[in-house]
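Here's a quick briefing to read with the model open beside you.

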Amino acid sequence: MNAPRLSVDRERCIGAGMCAMTAPDVFDQDPDDGLVLLLDAEPPAARRASARTAAGVCPSGAITLHEADPLGH
């Protein structure tokens, strides 16, 4: 089974930093513009819950979690 995959839309990001605070091993903020930086597009199982929470609390909806296909397609 494939791991869930994350993607970010930096144009949609407003730099609130909720993702970096919620899942600092998965997200950071660009020091120049404050926008989201994706550190790990396929976080290991130990980080998936915080990554999922970060996607949910993003005020601009700039983070998308693409759930794995259980059949591997």
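D40 sits in the loop that runs between strand 3 (36–38) and helix 2 (45–57); helices (H or I, at least four residues) and strands (E, at least two) are DSSP runs, numbered from the N terminus. Keep in mind that this is a predicted model, where local features need pLDDT of at least 70, side-chain atom pairs count only at pLDDT 80 or more, and totals for chains, interfaces and linings use all residues. Residues are numbered from 1 along each chain as its sequence is written, and side-chain values use heavy atoms, with hydrogens and water left out.

**Around D40**

- The D40 side chain reaches the backbone nitrogen of E42 at 3.2 Å.
- Leaving aside residues up to four places away in sequence, D40 touches L6, D25, V26 and R47 (contact means heavy atoms within 4.5 Å).
- With R47, the D40 side chain also meets in a salt bridge at 3.9 Å, N to O (a side-chain nitrogen of Lys or Arg within 4 Å of a carboxyl oxygen of Asp or Glu).
- R47 is partly exposed, with a relative accessible area of 31% (buried is under 20%, exposed over 50%, partly exposed in between, using a 1.4 Å probe and protein chains only).

**Other salt bridges**

- The structure holds 6 salt bridges.
- One of them joins the side chains of E42 and R5 at 2.8 Å, N to O. E42 is in the loop between strand 3 and helix 2 while R5 is in strand 1 (residues 5–8), so this pair ties together parts 37 residues apart in sequence.
- Both partners are partly exposed: E42 has a relative accessible area of 43%, and R5 has 40%.
- E67 pairs with R52, their closest N and O atoms being 3.1 Å apart. Since E67 lies in the segment after strand 4 (63–66) and R52 in helix 2, the pair ties together parts 15 residues apart in sequence.
- R52 is partly exposed too, at 39% relative accessible area.
- R10, D30 and D33 are linked in a salt-bridge network.

**The cavity**

- How many cavities of 30 Å³ or more does a search of the whole structure find? There is 1 (a cavity is a set of points on a 1 Å grid over the protein atoms alone where a 1.4 Å probe fits but cannot get out; lining residues have an atom within 4 Å of a point).
- The largest cavity holds about 80 Å³ of space (the volume filled by probe spheres set on the points, which are joined across faces, edges and corners).
- It is lined by 13 residues, and the closest to its centre are C13, A16, G17, C19 and C58.
- By class, that lining has 10 nonpolar, 3 polar and no charged residues (Ala, Val, Leu, Ile, Met, Phe, Trp, Tyr, Cys and Pro count as nonpolar, Asp, Glu, Lys and Arg as charged, and the others, Gly among them, as polar).

Notes:
1 Å grid on protein atoms, 1.4 Å probe; cavity = no way out; pocket = protein on both sides within 12 Å on 5 of 7 lines; lining within 4 Å. Polar contact = N/O pair within 3.5 Å; in protein donor to acceptor, adjacent residues only side chain to side chain.
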